[in-house]
Amino acid sequence: MKTKLTGLALATMMAVAPSAQAGEVEVLHWWTSGGEATSVAFLKKQLAESGVDWVDFAVAGGGGESAMTVLKSRAISGNSPTAAQIKGPSIQEWGELGFLSSIDDVAKANNWDEILPEVVSDVMKYNGEYVAAPVNVHRVNWLWANPEVFRKAGATIPTTWDDFMVQAQKLKDAGYIALAHGGQAWQDATVFEAVVLGVGGADYYNKAFVQADMNALNSATTKEVFETFGQLRQFVDINSPGRDWNLATSMVIKGEAGMQIMGDWAKGEFKVAGKNPGTDYVCVAAPGTSGAYTFNVDSFAFFNQSDAESTQAQKVMAKEILSTDFQRVFNLNKGSIPARLGMARTEFDSCAHDSMDAFVASSASGSLVPSFAHGMAVSEAISGAIYDSATQFFNSDDSASEGVAQLVAAVAAAK
Amino acid sequence: MFDYLEKQLPKLIMAPTAIVMLVCMYGFIGWTAVLSFTKSRMLPQWEFVGWAQYERLFANPRWHVALDNLLVFTLLFIIIALLLGLMLAILLDRNIRNDGALRTIYLYPMAVSFIVTGTAWKWILNPGLGIEKMVRDLGFTDFEFRWLVEPDMAIYTIVIAAVWQSSGFVMAMFLAGLRGVDDSLIKAAQMDGASTFRTYWHIILPVMQPVFFGSVVILSHIAIKSFDLVQSLTGGGPGYASDLPATFMYTHAFSRAQMGLGAASAMVMLAGVMAIIVPYLYSELRGKKS
């Protein structure tokens, strides 16, 4: 009798689950501005069509720091949301603490191993099982340039760091700010990262800034990196400390400055200003990194749920995130490219096409590297140490060898 | 029954507050102290490592920058705010016209939050937007005032903004004190032919000693826990040149997943506050008894 009842219950559950009432998902995220909010609303609508209610749990505030604080307190008190916007090595840390739930069955059923590039799917897995779903891929090593400014100054867009110094000097001599930059730690780190990749190459990048190998960090190459990074100080204007990244972008848009090194979210600013890629602005890989790609993947990680209904809703959400519809709409709005491969690309602009091509090419050549400035490569403690060293060096007159010594000491202390 | 209730009522009413204080203040202070001896990173973890977090803390160059900044900031902030507040109070106490309006003007910055103060001064001190640009537009093209973007000087901009915010409050405290000074004392001094300066220096100021103490305690704890002002004015920058212990603690405990290290820095901050408060409480309580 008992088995029969259980069987009946199971059968009922199976029959009910995929239909109308599939429960609700509570999603912690910090996508509250413009294009990002539109993208989230689209996901909400898609889930509603599958019968899943969306409970918005948005915690606004730069880079998600406040959201993470809220998430930690919720998780400790045993009241985790269904899913939260977590990325990079943090997924592993949450996995180790035992908070994440496996969505491997959804992944298997939808061939995630096939449609996701390996570097991305590795990040999404804990202990070989999927615990998170990627929504996009940002390329960080972009150089944004205003061709009009370059023409007036008689300069050409640089492709190596040596050339960068020459061309930047021309811009400076012509009365322009050569490099539009916001002096905030993460922006200093973003430029530093481009220099690391451009000067040291992908192998060095991986050894020193992904594996945090002390020998690679304490090397002549690192000194060379700091020398180049230090030369950039002279091309940044005096008002840069504390400036937000989008204000730096608008300096390029207005033609006050020649270039900016920033991830592809900068494209949104150009778009809003009504500028067209190729004619009004140019996007090229940061100097010396044309074959390489520093990626920054946003993702949703899934938390353990106590009841079956929420678990079911969670799985529906995981499936929808990797649907072609969501990936297309979300990334068109955000300026990034879809995380899944082989999607139709006609709607995307030329910068996104470049990004897609470079993504595939660098993936094949092994020069696709995680961005340490955006929390993809090393733990928060080590990336914090790198931030400190980079920003301290850039805002002082320290010599390259002092920069190396400081970086090595800071990373060793954070390990 | 009623008598009993009446006797116990004050205790009953105070009890919830006392419990909340015990748990939320002292309980969590204790918890933070315990955390500072563990290897906690992203979440609390109960693996004890002795003084290792404190060793790491004091090996961190950024922490030393924060401590030096705190010393510079606290000293300058307290001294300047006290002097300025006292001066304003004495001037206002000279029975000038419209002192009510003036008092409001000086006190008003106190009504503004540190975030607003920080943001406003960030614009005022920005070389491309504020004072430097204004003076240059007036024709003095060589004028330079760019402390905000100079790593060595950034901490002084925080002093400027904090003094602007708090000296009106110090003024109000002193003004209350001055108004409370017995008129007959002053009259007697005048009869004896003391100059105004001597009257203030030898008679009025000594009477106001408790006000001094009160102001110093309030200002020093504002200084030590200073967080929002730094965050909005310089963001700890350029680089981490204007970091204070409070911003250091927040960054490491919450955004860098180094909870143990953050807890250790919080304990050092607490020790700093205690070093000021305990002698004060001691002298206060002893004074009451005698």
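Author: Let's start with a term: a helix here is a DSSP run of H or I with at least four residues, and helices are numbered from the N terminus. Helix 13 of chain A covers residues 245-253. Just after helix 13, A:Gly255 takes a positive phi of about 80 degrees. One thing to keep in mind throughout is that this is a predicted model.

Reader: Which residues of helix 13 of chain A are called buried, and what makes a residue buried?

Author: The test is a count: a residue is buried if 20 or more other C-beta atoms lie within 10 Å of its own. In helix 13, A:Trp245, A:Ala248, A:Thr249, A:Met251, A:Val252 and A:Ile253 are buried, so each of these meets that cut-off.

Reader: Is A:Val284 buried, exposed or partly exposed, and why?

Author: A:Val284 has 18 C-beta neighbours inside 10 Å. Buried needs 20 or more and exposed needs 12 or fewer, so a count in between is called partly exposed. That is why A:Val284 counts as partly exposed. The residue lies in strand 10 (residues 282-285) of chain A. Setting aside neighbours within four places in sequence, A:Val284 touches A:Leu143 and A:Ile157. A:Thr324 is 40 residues away from A:Val284 along the chain, and their C-alpha atoms are separated by 27 Å.

Reader: Which strands pair with strand 1 of chain A, and what makes them a pair?

Author: Two strands pair if DSSP finds at least two bridges between them. Strand 1 and strand 2 (residues 53-58) share 6 bridges in the parallel sense, so they pass. Strand 1 and strand 3 (residues 83-85) have 2 bridges, also parallel, and at least two is what the rule asks for, so they pair too. To find these pairings in the model, look at A:Glu26, which stands opposite A:Val55 in strand 2, and at A:Leu28, whose bridge partner in strand 3 is A:Ala84.

Reader: What makes a group of residues a nonpolar core, and how many residues has the largest one?

Author: The largest core has 131 residues, and A:Trp144, A:Leu179, A:Ala301 and A:Phe302 have the most contacts inside it. Helix 10 (residues 185-210) of chain A gives the most to this core, with 14 residues. Domain 1 and domain 2 of chain A each supply at least three residues to this core.

Reader: Which residues does A:Trp144 contact?

Author: Leaving out neighbours within four places in sequence, the partners of A:Trp144 are A:Thr249, A:Val252, A:Met259, A:Gln260, A:Met262, A:Ala266, A:Tyr281 and A:Cys283. A second, separate core of 55 residues includes B:Trp63, B:Leu175, B:Leu233 and B:Ala253.

Reader: Where are the two domains of chain A, and how many residues link up between them?

Author: Domain 1 runs 15-137 + 297-351, and domain 2 runs 142-294 + 371-414. Their C-alpha centres lie 30 Å apart. Across the boundary, 12 residues of domain 1 are in contact with 11 residues of domain 2. The domain 1 side divides into 3 nonpolar, 6 polar and 3 charged residues.

Reader: Why does the radius of gyration of chain A agree with a compact globule?

Author: For 415 residues, the rule puts a compact globule near 22 Å, and chain A comes in at 23 Å, which agrees. Of those 415 residues, 52% count as buried.

Reader: What helices and strands does chain B have, and how many of its residues contact chain A?

Author: Chain B has 13 helices and 0 strands. Of its 290 residues, 34% count as buried. In all, 27 residues of chain B are in contact with 23 residues of chain A. Helix 2 (52-59) and helix 12 (245-255) of chain B each supply at least two residues of that side. By class, the chain B side has 12 nonpolar, 9 polar and 6 charged residues.

Methods. Residues are numbered from 1 along each chain as its sequence is written. Chains are lettered from A and ligands numbered from 1 in the order in which they are written. This is a predicted model: local features need pLDDT of at least 70, side-chain atom pairs count only at pLDDT 80 or more; totals for chains, interfaces and linings use all residues. Two residues are in contact if their C-beta atoms, placed from the backbone, lie within 7 Å. Ala, Val, Leu, Ile, Met, Phe, Trp, Tyr, Cys and Pro count as nonpolar, Asp, Glu, Lys and Arg as charged, and the others, Gly among them, as polar. The radius of gyration is taken over C-alpha atoms; the globule rule is 2.2 Å times the number of residues to the power 0.38. A nonpolar core is a set of buried Ala, Val, Leu, Ile, Met, Phe, Trp, Tyr and Cys residues joined through C-beta atoms within 7 Å. Domain bounds come from an automatic or database domain assignment.
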